[in-house]
Amino acid sequence: MLQCYTERAMETIKSNKNGNLTVFECYLFRRNRVYRDKSYWRCDDKLCSATLIKKGSDVVSDPPAHNHPPDPEKIARRKFLNKLKAAVKRQPTTKLSTIYR
């Protein structure tokens with residue numbers, strides 16, 4: 001299980017379509033837009049309006065409170081799938097069941 005951090009831990013992982021996702025304080029964010037030197041990241045939960053503002057790799061503005069609990073299992077699944085996809089790219093002729101072990 002993924003450890004949720006109380007400090008301002010931030011990490012970048014890949015989405016299913018090879019885009020970047022930001023994990024911040026155990027919540028998942030998708031890039032919404034970029035304006036000048038800032039990027040705006042919306043919560044991955046479509047019903048949540050929390051927005052994270054980043055300047056480079058630094059958080060400029062903390063997101064407001066989310067309307068849902070964090071989902072560390074979802075983040076762990078996403079990381080696992082990313083590792084599995086990378087292994088398949090490295091070894092394209094190997095069976096998936098062999099890589100999965």
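Buried here means under 20% relative accessible area, exposed over 50%, and partly exposed in between, with a 1.4 Å probe and protein chains only. Helices (H or I, at least four residues) and strands (E, at least two) are DSSP runs, numbered from the N terminus.

This is a predicted model, in which local features need pLDDT of at least 70, side-chain atom pairs count only at pLDDT 80 or more, and totals for chains, interfaces and linings use all residues. Residues are numbered from 1 along each chain as its sequence is written, and side-chain values use heavy atoms, with hydrogens and water left out.

**Stop 1: strand β2.** Select residues 20–24. Four of the five residues of β2 are buried, so the strand is largely enclosed by the rest of the structure. Click on Lys14 to find its bridge partner, Asn20, then on Met10, whose partner is Phe24. The hairpin of β1 and β2 has five residues between the strands, and Asn18 in the turn has a positive phi of about 70°.

**Stop 2: on to β3.** β2 and β3 are antiparallel too, over four bridges, and Phe24 stands opposite Tyr27 in β3. Two residues separate the strands of this hairpin, with Glu25 in the turn at a positive phi of about 50°.

Stop 3: Show the six strands, which form an open antiparallel sheet in the order β1-β2-β3-β4-β5-β6. β1 and β6 (58–61) are at the edges with a single partner strand each, so one side of each has no neighbour in the sheet. The twist averages 40° from one strand to the next.

**Stop 4: helix α1.** Select residues 72–90. α1 packs on the sheet, touching β1, β2 and β3, and its direction makes about 50° with that of β1. Contact means heavy atoms within 4.5 Å; axes are lines fitted to C-alpha atoms, for helices over the stretch in contact, and angles run from 0 to 180 degrees between N-to-C directions. Among the buried residues of α1 are Pro72, Ile75 and Leu84.

**Stop 5: the core.** Which residues make up the largest nonpolar core? Select Phe24, Tyr27, Phe29, Trp41, Cys43, Cys48, Ala50, Leu52 and Val59. Such a core is a set of buried Ala, Val, Leu, Ile, Met, Phe, Trp, Tyr and Cys residues joined through side-chain atoms within 4.5 Å.

Conventions:
Pairing = 2+ DSSP bridges.
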